[in-house]
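Here is a short note for a colleague opening this entry for the first time. Please keep the sequence and the 3D view at hand while going through the points.

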Amino acid sequence: MLGSRMNWQRWVMMLPAALFFGVFALVPMLVAVYYSGLNWDGVSKATWVGFYNWTHAFDDGQALHSLWLTIELMVLCWLLQNPLSLVLGVFMAGKQRHRVVYGVVYFIPLLFSAVAIGITWSYILDPEFGLIDTLLQAVGIGNGTENWLGNPHLAMLVVACIIAWQFIPFNSLLYQSGVKQIPASLYEAAMLDGAGPLKAFFHITLPQLKYTIITTTVLILTGTLTYFDLIYVVTNGGPGDSTEVLAMDMYKEAFTNLNIGAGSVIAVILAAAGLLLSILILKFTGFNKMESQMEGT
Amino acid sequence: MTEMGTQTASVQRAKVRPNKRKRKVTGYGIAFTTFGTIWLIIAGYPLLYMVMTSFRTQNGYLIGKPWLPPSHPTLSNYAQVLQAGFFHYFLNSAIVSVCSVVLIVVFALLLAYVIVRSHSRTVRTVFNVFLVGLALPIQAAIIPVYILINKFGLYDTLIGMILPMVAFGLPLSLLILVNFVRDIPNELYESMGLEGATDFQIVLHLVAPLSMPALVSVGIYEFIQSWNNFLFPLVLTQSQSVQTLPLAIVQFQGQHTIDVPVTMAVVLFSALPLILAYIFAGKYLRRGMLVGFGK
């Protein structure tokens with residue numbers, strides 16, 4: 001009879017997952033901390049320089065600049081995605097036939113990789129042959145030569161818009177299922193009290209979606225913190241360094257400038273920020289509820 | 001469905017219908033539909049642009065109106081995609097994704113079973129470490145992973161991409177499977193245990209079949225993750241023979257910057273399995289994508 005004791009079969013079952021995760025995820029994460037104290041190009045002999053990379057990263061302002069840009073992107077992404085996703089999710093939760101059909105189309109951008117989306121949008125935004133500028137020219141708005149991604153004041157906003165284009169459908173799917181779980185009786189009671197649809201939205205839908213709002217917020221923030229693929233393709237951090245977010249900066253330091261130490265400093269910052277955000281996840285989304293369930297078993 | 005069932009269903013429908021008919025076309029309804037339609041255009045038109053452009057001739061792209069369908073549609077761009085060796089990259093992507101998914105799902109299920117069925121402090125600690133791992137971004141570990149894969153002599157190989165992909169796919173899959181396996185009733189374990197089944201037999205004949213819905217969802221999620229992964233091939237490979245699709249598209253685009261129609265064909269080709277899956281099994285794909293994030 002098998003109890004709750006460990007036996008050799010169970011140790012064997014545990015081994016592959018633990019080994020893979022330990023060797024290729026956990027240990028590298030710790031090694032990154034060590035690398036951040038090295039002066040190393042990845043090939044020749046490394047020398048230990050202590051906190052030099054850390055102080056240097058903040059002295060020359062690049063790391064702070066990237067950190068600031070990352071926060072800016074996180075805020076932009078939240079502002080662009082969350083309210084729109086919420087309304088769209090409420091819309092998709094309706095039973096009307098056309099809403100269901102619309103929902104089928106909304107989902108399609110999620111099938112493409114970030115690089116595929118990035119390449120497509122850089123053509124759509126192309127100042128010479130792109131869809132947007134030629135359309136604007138045709139209807140007579142502006143001169144139709146705006147270089148959306150080449151303008152340092154616009155680039156970050158445009159990047160955030162492209163990210164929103166891909167991920168709003170994902171978030172609205174979360175909202176859609178959130179809305180579907182709200183008991184209909186709440187709305188019926190509100191109707192009896194004479195509340196209109198707008199009142200019902202603010203007094204029932206919105207409060208009932210509290211946890212969905214927290215979930216999407218955390219997903220958007222953690223996702224944007226390390227956002228890399230699309231920016232690499234669309235602007236490569238430019239023009240200048242106007243879209244050089246942390247992940248981009250890290251990649252360039254480590255794999256273009258071959259400065260493993262400086263890249264690792266940013267990697268550690270990313271990991272720390274990721275952990276900080278995930279503590280928020282544990283606090284709000286109920287992953288910790290699962291652990292307390294475990295106490296009971 | 002039995003005849004009885006159909007009957008009750010139609011009776012229910014008949015009851016609901018008069019209600020539905022009473023629903024007025026309100027101002028809010030119109031505003032909502034307008035909003036939904038605007039987003040339909042925003043979401044759908046770039047996709048249409050992708051498809052239209054992929055059937056354009058190079059000349060048609062340069063002189064035609066980009067918002068209209070091509071006047072002389074052509075398939076030559078797709079022929080060029082295959083000539084450029086994209087079937088090979090497609091195969092690489094398929095190998096990497098399928099291997100990653102199989103390993104992730106099997107490893108995660110085995111560990112999930114141990115976590116649910118054993119009360120051991122070590123097991124508990126391992127689980128907690130995985131939960132923390134949920135928070136650790138791939139980007140933060142990519143530099144040491146690069147050095148490590150080099151040391152193992154796996155740089156520029158398919159296996160070199162699969163190994164870290166499995167490692168980073170494990171935490172979320174594990175979390176979902178633990179939740180699922182925990183819901184399997186205790187009596188089922190006990191009756192199998194009484195018959196003298198070993199742990200491996202229980203996983204194979206009880207846990208795996210019962211967890212099938214969760215395994216499918218987790219598998220789909222991880223497949224999409226690895227199919228679209230860009231960072232690992234970017235950092236861990238250099239030769240064309242081992243490139244997967246996302247990196248191959250970017251390199252192709254770099255060499256054919258002006259040939260937009262062909263690049264659009266490449267982009268569509270790279271998403272082909274997911275597009276087909278969406279057409280034929282959209283329900284499962286949606287469920288897989290939302291796995292772990294919503295109910």
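1. **The contact between the chains.** This is a predicted model. Start where the two chains meet. Chain B puts 80 residues into the contact, and chain A puts in 74 residues. Which element of chain B gives the largest share of the side that touches chain A? Helix α2 of chain B, residues 27-54, does, with twelve residues. By class, the chain B side has 60 nonpolar residues. Another 15 are polar, and five are charged.

2. **Chain A as a whole.** Chain A has 14 helices and two strands. Its radius of gyration is 24 Å, whereas the globule rule gives 19 Å for 297 residues. The value is well over the rule, so chain A is more spread out than a compact globule. Along the principal axes, the C-alpha atoms of chain A fill a box of roughly 80 × 75 × 30 Å. Buried residues account for 43% of the 297 in chain A. Take the contacts in chain A between residues at least 6 apart in sequence: 69% of them join residues at least 24 apart.

3. **Chain B as a whole.** Chain B has 15 helices and zero strands. Why is chain B described as more spread out than a compact globule? Its radius of gyration is 25 Å, well over the 19 Å that the globule rule gives for 295 residues. The C-alpha box of chain B is roughly 75 × 70 × 35 Å, again along the principal axes. Of the 295 residues in chain B, 44% are buried. Among contacts in chain B between residues at least 6 apart in sequence, 77% link residues at least 24 apart.

4. UniProt, in an unreviewed entry, lists "transmembrane region" for residues 12-35, 67-93, 100-124, 154-175, 211-234 and 254-282 of chain A. Two of these can be checked against the model. Residues 154-175 of chain A are 95% helix and 0% strand, with end C-alpha atoms 30 Å apart. Residues 211-234 of chain A are 88% helix and 0% strand, and here the end C-alpha atoms are 33 Å apart.

5. For chain B, the unreviewed UniProt entry gives "transmembrane region" at residues 25-48, 86-114, 126-149, 161-181, 202-224 and 262-281. In the model, residues 202-224 of chain B are 96% helix and 0% strand; their end C-alpha atoms lie 30 Å apart. Residues 262-281 of chain B are 95% helix and 0% strand, with 28 Å between the end C-alpha atoms. UniProt also places "domain: ABC transmembrane type-1" (unreviewed entry) at residues 90-281 of chain B. That span is 81% helix and 0% strand, and its end C-alpha atoms lie 21 Å apart.

6. **A helix pair in chain B.** Look at helix α13 (residues 245-255) and helix α14 (residues 260-270) of chain B. They pack at an angle of about 180°, with axes 10 Å apart. α13(B) and α14(B) are therefore roughly antiparallel to each other. From α13(B), the contact uses B:Leu245, B:Ile249, B:Phe252 and B:Gln253. From α14(B), it uses B:Thr263, B:Val266, B:Val267 and B:Ser270. By class, that contact has five nonpolar, three polar and no charged residues.

7. **Backbone details in chain A.** Which residues does a cis peptide bond join? The pair is A:Gly238 and A:Pro239, with omega about -5°. A:Pro239 sits in the loop between α11 (229-234) and α12 (246-256) of chain A. A:Asn236 is also found in the loop between α11 and α12. A:Asn236 has a positive phi of about 50° although it is not a glycine. It is partly exposed, with 13 other C-beta atoms within 10 Å. A:Leu258 is not a glycine either, and its positive phi is near 50°. A:Leu258 lies in the loop between α12 and α13 (260-284) of chain A. With 14 C-beta neighbours inside 10 Å, A:Leu258 counts as partly exposed.

8. **One pair to look up.** A:Val87 belongs to helix α3 (residues 62-93) of chain A. A:Val87 and A:Ser172 are 85 residues apart in sequence, yet 7.8 Å apart in space, C-alpha to C-alpha. Is A:Val87 buried or partly exposed? A:Val87 is partly exposed, with 17 other C-beta atoms within 10 Å.

Definitions and conventions
Residues numbered from 1 in each chain as written. Chains lettered and ligands numbered in written order. Predicted model: local features only at pLDDT ≥ 70, side-chain atom pairs only at ≥ 80, totals over all residues. Axes fitted to C-alpha atoms, helices over the stretch in contact; angles between N-to-C directions. Helix = DSSP H or I, 4+ residues; strand = E, 2+ residues; numbered from the N terminus. Parallel < 35°, antiparallel > 145°, perpendicular 65-115°, else oblique. Contact = placed C-beta atoms within 7 Å. Nonpolar A, V, L, I, M, F, W, Y, C, P; charged D, E, K, R; others polar. Buried ≥ 20, exposed ≤ 12 C-beta atoms within 10 Å, placed from the backbone. Rg over C-alpha atoms; globule rule 2.2 N^0.38 Å. UniProt positions renumbered as here; feature names shortened; annotations may be inferred.
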